[in-house]
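My entries are below, in the order I made them.

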There are 4 protein chains.
Amino acid sequence: MTLNVGVIGVGMIGREHINRLANTLVGARVVALADVDAKQAEAVAAGLPGAKVYPDGEALIASPDVQAVVVTSWGPTHAAYVLAAIRAMKPVFCEKPLATTAEACLSIVEAEIASGRHLVQVGFQRRYDKGYRALKKAIDDGAIGAPLMIHCAHRNPAVPEAYVSDMAIVDTFIHEIDALRWLIGDDYVSAQVLKPRNTKHTHARLDDPIIVLLATKNGVRIDGEVFVNCRYGYDIRCEVVGEEGVASLPEPESVVLRKEAKLSTTIMQDWKLRFIDSYDVELQDWIEAAKAGKVNGPNAWDGYFAAVTADACLEAMHHGGVAEIKTATRPKFYD
Amino acid sequence: MTLNVGVIGVGMIGREHINRLANTLVGARVVALADVDAKQAEAVAAGLPGAKVYPDGEALIASPDVQAVVVTSWGPTHAAYVLAAIRAMKPVFCEKPLATTAEACLSIVEAEIASGRHLVQVGFQRRYDKGYRALKKAIDDGAIGAPLMIHCAHRNPAVPEAYVSDMAIVDTFIHEIDALRWLIGDDYVSAQVLKPRNTKHTHARLDDPIIVLLATKNGVRIDGEVFVNCRYGYDIRCEVVGEEGVASLPEPESVVLRKEAKLSTTIMQDWKLRFIDSYDVELQDWIEAAKAGKVNGPNAWDGYFAAVTADACLEAMHHGGVAEIKTATRPKFYD
Amino acid sequence: MTLNVGVIGVGMIGREHINRLANTLVGARVVALADVDAKQAEAVAAGLPGAKVYPDGEALIASPDVQAVVVTSWGPTHAAYVLAAIRAMKPVFCEKPLATTAEACLSIVEAEIASGRHLVQVGFQRRYDKGYRALKKAIDDGAIGAPLMIHCAHRNPAVPEAYVSDMAIVDTFIHEIDALRWLIGDDYVSAQVLKPRNTKHTHARLDDPIIVLLATKNGVRIDGEVFVNCRYGYDIRCEVVGEEGVASLPEPESVVLRKEAKLSTTIMQDWKLRFIDSYDVELQDWIEAAKAGKVNGPNAWDGYFAAVTADACLEAMHHGGVAEIKTATRPKFYD
Amino acid sequence: MTLNVGVIGVGMIGREHINRLANTLVGARVVALADVDAKQAEAVAAGLPGAKVYPDGEALIASPDVQAVVVTSWGPTHAAYVLAAIRAMKPVFCEKPLATTAEACLSIVEAEIASGRHLVQVGFQRRYDKGYRALKKAIDDGAIGAPLMIHCAHRNPAVPEAYVSDMAIVDTFIHEIDALRWLIGDDYVSAQVLKPRNTKHTHARLDDPIIVLLATKNGVRIDGEVFVNCRYGYDIRCEVVGEEGVASLPEPESVVLRKEAKLSTTIMQDWKLRFIDSYDVELQDWIEAAKAGKVNGPNAWDGYFAAVTADACLEAMHHGGVAEIKTATRPKFYD
């Protein structure tokens with residue numbers, strides 16, 4: 001059985017997912033496209049035999065030719081499309097964010113529960129990264145005992161002027177927010193943000209670096225550095241300290257060079273390359289789960305939890321002090 | 001366009017390739033099977049909608065339903081099937097060895113040239129390994145200047161009693177023979193084999209470890225350790241020393257543990273896992289090349305060169321001294 | 001010229017320093033000993049040709065035979081001996097702490113200034129560690145640009161029952177307090193302490209692990225993990241994040257083993273071995289500086305600053321929130 | 001007791017040893033100097049209170065003021081001074097080589113045996129290197145089982161024009177010759193030399209790199225790369241492959257940098273720095289052993305064995321093929 005997928009939003013990430021579905025992954029085909037820029041959608045469709053362009057996302061979702069939906073449109077439009085897909089009882093893969101407010105995320109959660117079906121997956125691809133999976137396996141296998149602390153860092157070589165302080169949380173650290181919660185199977189209860197002196201390489205509207213401190217229900221403490229003008233590379237680090245040992249995320253594979261007085265490996269520059277394999281694994285898993293009527297990856301509740309946590313981080317960043325992370329009670333539906 | 005593939009030989013590696021073609025890769029389907037054990041072929045076909053069992057490899061190759069052939073039968077049968085595929089003008093992917101003698105390899109080379117088409121690929125999967133590719137890229141990019149020496153090691157934790165001395169060359173080091181030649185774009189001219197004292201973990205019919213010394217046309221010197229009862233893991237190492245620096249094969253990605261007085265990463269035990277990703281890349285590349293009427297991977301000439309080199313290594317191993325590596329002249333067809 | 005040294009306190013660390021002065025280092029000899037346990041002092045003196053036992057530290061300091069003093073007695077007695085040495089205008093090397101209160105440290109500072117001579121060195125040996133020195137050199141050479149953050153960890157495999165929560169600051173993290181300040185040439189302004197869930201390997205009177213957060217005058221943010229029942233080893237880590245790059249403390253040299261499915265190096269268990277070389281370098285430097293009428297190592301002001309910082313950490317640990325670090329103004333004497 | 005040492009030869013290495021004996025080490029003083037350049041000896045003596053200049057090495061050795069002798073003169077003069085010291089029954093530390101021919105080394109061995117006293121130590125300092133010692137300890141502790149192979153490399157960034165092919169053996173690989181024999185407690189039986197294509201950075205009278213192959217009595221096989229124009233640094237590597245695992249020489253401690261797309265440590269450029277600590281340990285050990293009438297370090301037999309091995313390497317290098325390593329029978333005196 002081949003899953004007939006409709007894609008809403010044919011920007012950069014949309015086109016990448018379309019390419020994956022059409023050329024790299026198995027078990028799916030792209031049969032429908034929609035975009036606010038209809039010409040752009042037509043252009044993409046021209047290269048996709050059998051793909052039809054719809055006037056809007058709602059029409060695409062409603063089409064009987066579409067069995068499952070991928071939402072890669074502009075963030076503020078996500079919630080409406082996801083809700084429409086739920087109403088249509090169609091599996092939907094939504095790139096982050098699930099919605100731009102925690103309230104909207106919660107309404108998605110409620111709609112999904114009301115539908116009685118597991119339909120929504122959010123695009124937090126790190127859960128599909130080989131390194132993170134190996135780290136989670138080590139923890140789950142008991143290699144380090146019960147986790148007590150996580151030290152992590154999310155570093156980019158540079159960001160454009162359009163990248164401002166809040167984005168350090170909602171675009172960057174959001175990945176840690178979802179991945180760490182999944183990694184240790186624990187929920188956050190509070191957030192605090194430390195502001196070191198700014199690097200001279202930042203600009204007026206961006207505090208860079210920052211350190212986000214999170215506490216979990218089980219008492220795990222997390223310190224997460226976000227440094228998006230670190231200059232030297234795109235570098236994702238994560239060390240989990242447990243009662244019996246410490247486990248760290250693997251460094252990505254690299255040739256080892258002995259040259260010009262240095263023993264070195266290469267640090268990537270481009271975030272797109274760092275997790276490129278995980279996007280394939282993520283979407284392949286979604287295809288198979290969608291066919292089976294399941295969601296294996298981050299679900300609507302995870303999207304909601306990430307949104308509430310990000311809000312608390314922003315509050316702490318703007319007002320100082322410790323912000324509580326208060327969510328609705330986790331519904332049994334997501335157990 | 002989907003490539004209709006027939007697979008001859010449904011043993012372990014045959015079934016793995018069938019599974020790849022059917023479930024993991026895109027652009028191909030398995031439509032035909034043949035095996036000396038017809039029941040086994042029927043059993044595999046039962047799980048493959050649309051796959052038909054043929055009485056023998058020749059019949060499979062001759063079938064108009066089969067567009068391309070994968071040969072994963074017992075080594076001594078390879079040459080006949082490959083020659084039949086060439087006669088039928090069908091692309092053929094043949095697991096190593098291409099043939100059990102250099103002469104038979106050469107007759108395949110000649111048949112392919114006579115056919116005027118590039119049809120034959122040999123299953124040396126290391127050329128598709130991410131790590132080897134990164135190492136080759138570093139060399140080709142000039143990171144270490146012109147290569148002068150290669151130090152490498154091929155270690156297995158243990159082998160069964162059925163594994164005897166010659167297999168260290170023809171089953172184990174054969175991978176280095178092909179991969180190193182490709183890595184530095186150079187041909188071998190002589191071989192020598194050193195025999196250290198045997199490990200106590202070997203058996204009467206296996207000299208283990210050995211060190212194979214190769215010299216190339218350009219004067220590069222290679223020392224390759226083969227140690228198949230090394231106990232500690234499956235470990236493939238390769239260091240290329242150039243005029244400006246030294247580059248080494250990446251260690252496979254692994255969680256870093258600090259535990260019980262050790263800072264450690266994990267060394268694999270199972271050779272099948274070490275190169276598992278490369279098999280997918282290899283066969284996907286073959287599918288696409290086959291459709292395009294090309295061969296991107298190791299070709300019949302490479303299979304022949306490996307066979308001649310292995311023969312020289314065996315001669316050196318059995319008789320001591322330095323064995324010359326003498327091949328036919330490389331035909332322009334393979335430029 | 002040989003420096004005639006008197007040692008007050010012949011417990012474990014006292015005897016180690018005596019052994020260094022007598023057998024390993026050059027330019028000094030131990031001529032005088034004192035200890036509350038006179039028998040113990042006599043026993044040590046028996047193995048030291050030419051060493052005389054004094055009834056108490058004051059008598060030792062006063063003796064015209066003693067040119068310089070090493071104080072390795074019980075912590076609460078340090079201040080009095082150091083003050084006595086200053087009054088006698090004799091160079092004094094005092095093991096940490098300089099005094100048990102910040103006030104007492106300050107009175108030493110004042111006495112030293114009043115004496116007009118640089119006489120006091122405090123035993124923070126990390127400044128003499130090869131690894132820390134290399135790290136400081138990298139920073140001072142501009143390899144990573146201006147420091148913005150420090151992530152560090154101080155881990156012990158286990159501590160005895162007698163080790164209680166305050167000791168995590170005054171005995172353990174005190175080393176980071178001095179070393180980090182020296183490393184980046186900056187002063188602390190505030191402290192905060194985070195308490196993760198306790199490891200099950202701690203006991204009722206010890207919160208373990210904790211995370212100490214320090215902010216400096218220049219806006220550098222430090223997170224320092226203290227985990228004294230980490231089980232796996234004695235592990236000191238320090239990563240300095242700067243505007244142009246990141247520098248980390250070297251891992252101590254270790255044989256690299258490939259064995260039993262692990263690629264590993266050894267992590268030390270015994271803190272005494274981790275910095276053993278630095279004690280020699282430290283005391284040799286002190287001997288030479290004492291002869292030259294200088295203090296190169298951590299001085300009385302450093303001892304005072306560490307004491308004030310430790311007090312703030314304790315306050316933060318006991319009462320939560322952020323504790324200000326307020327010191328007297330740095331006297332020009334210590335520029 | 002202080003050992004009164006006379007030093008013959010005050011060139012670079014002589015002055016370094018004099019400085020060690022006078023300022024860094026304990027238990028010795030330099031009381032006598034001799035050099036073919038008497039002015040040079042006078043100049044050095046001027047900075048050494050109590051040191052007297054002798055007209056020649058023989059006079060120095062004969063002086064009743066001299067208890068032990070350090071020979072750091074020009075290589076061809078070593079043997080005569082060592083023999084004179086033996087006749088005078090004085091402990092002698094002789095920089096490598098012990099003598100310029102194996103025959104001369106053997107006559108020293110015979111003279112020492114005839115004297116009935118252990119008097120001669122040769123300056124192979126690697127046996128005193130922390131890293132080599134840790135590697136030997138791992139082997140001796142059985143961490144890797146019985147050794148089967150050693151892969152090693154001795155790389156220098158560059159050499160001057162005066163450095164010609166033979167020096168790759170007698171000045172460079174000679175260190176591996178002594179150190180590896182000591183490391184695994186085994187003797188060599190044959191040598192072979194492979195010549196890869198020359199690096200373009202060498203000159204007409206130097207074959208660079210070469211690979212030296214040694215076989216031992218116990219059947220261990222050694223491949224040792226010597227590459228003295230490797231450009232990138234001074235890099236000493238050594239991997240011992242045993243029946244149960246593999247152990248490698250530690251990389252020297254280095255700050256870890258993340259900078260400009262590289263994760264790197266520093267490789268030294270200057271061979272003098274690589275083993276600088278080992279010279280101190282070596283000479284301190286010699287002082288203590290000399291006082292005790294013993295030799296702990298490499299002895300005359302080791303010096304002889306190294307000379308015979310180097311001769312065989314040279315023979316193999318010049319004439320190709322495998323050169324036998326034939327020594328006299330090891331006298332019981334050296335058990």
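**Conventions.** I am working on a predicted model, in which local features need pLDDT of at least 70 and side-chain atom pairs count only at pLDDT 80 or more, while totals for chains, interfaces and linings use all residues. Residues are numbered from 1 along each chain as its sequence is written, and chains are lettered from A and ligands numbered from 1 in the order in which they are written.

**Chains D and B.** I looked up the contact and found 25 residues from chain D and 25 residues from chain B. Contact here means that the C-beta atoms of two residues, placed from the backbone, lie within 7 Å. On the side of chain D that touches chain B, strand 7 (147–155), strand 9 (210–216) and strand 10 (221–227) of chain D each supply at least two residues. Strand 10 of chain D gives the most, with four residues. Helices (H or I, at least four residues) and strands (E, at least two) are DSSP runs, numbered from the N terminus. I sorted the residues on this side of chain D by class and got 11 nonpolar, six polar and eight charged. Nonpolar covers Ala, Val, Leu, Ile, Met, Phe, Trp, Tyr, Cys and Pro, charged covers Asp, Glu, Lys and Arg, and polar covers the others, Gly among them.

I then superposed chain D on chain B, which takes a rotation of 180° with 0.0 Å of shift along its axis and gives an RMSD of 0.1 Å. This is the relation of a two-fold axis. The same surface serves both copies, as 100% of the contact residues of chain D recur in chain B.

**Chains A and C.** For this contact I noted 25 residues from chain A and 25 residues from chain C. Strand 7 (147–155), strand 9 (210–216) and strand 10 (221–227) of chain A each supply at least two residues of the side of chain A that touches chain C. The largest share of that side, four residues, comes from strand 10 of chain A.

**Helix pairs in chain C.** At what angle do helix 4 and helix 5 of chain C pack? I read about 5° between helix 4 (residues 78–87) and helix 5 (residues 102–115) of chain C, with their axes 10 Å apart. Axes are lines fitted to C-alpha atoms, for helices over the stretch in contact, and angles run from 0 to 180 degrees between N-to-C directions. That makes helix 4 of chain C roughly parallel (under 35 degrees) to helix 5 of chain C. C:Ala79, C:Val82, C:Leu83 and C:Ile86 in helix 4 meet C:Ala104, C:Ile108, C:Ala111, C:Glu112 and C:Ser115 in helix 5 of chain C. By class, this contact of helix 4 with helix 5 of chain C has seven nonpolar, one polar and one charged residues.

Next I took helix 6 (residues 130–140) and helix 7 (residues 165–184) of chain C, whose axes come within 9 Å and cross at roughly 30°. That makes helix 6 of chain C roughly parallel to helix 7 of chain C. C:Tyr132, C:Leu135, C:Lys136 and C:Ile139 in helix 6 meet C:Ala179, C:Leu183 and C:Ile184 in helix 7 of chain C. The residues of this contact of helix 6 with helix 7 of chain C divide into six nonpolar, no polar and one charged.

Buried means 20 or more other C-beta atoms within 10 Å of the residue's own, exposed means 12 or fewer, and partly exposed lies in between, with C-beta atoms placed from the backbone.

**Two loop residues.** Is D:Arg127 buried or exposed? D:Arg127 is buried, with 22 other C-beta atoms within 10 Å, and sits in the loop between strand 6 (120–122) and helix 6 (130–140) of chain D. Not counting residues up to four places away in sequence, D:Arg127 touches D:Tyr132, D:Ala179, D:Trp182, D:Gly297 and D:Pro298.

C:Lys200 lies in the loop between strand 8 (188–194) and strand 9 (210–216) of chain C. C:Lys200 is exposed, with 11 other C-beta atoms within 10 Å.

Note on methods: Least-squares fit on C-alpha atoms with pLDDT ≥ 70 in both. Parallel < 35°, antiparallel > 145°, perpendicular 65-115°, else oblique.
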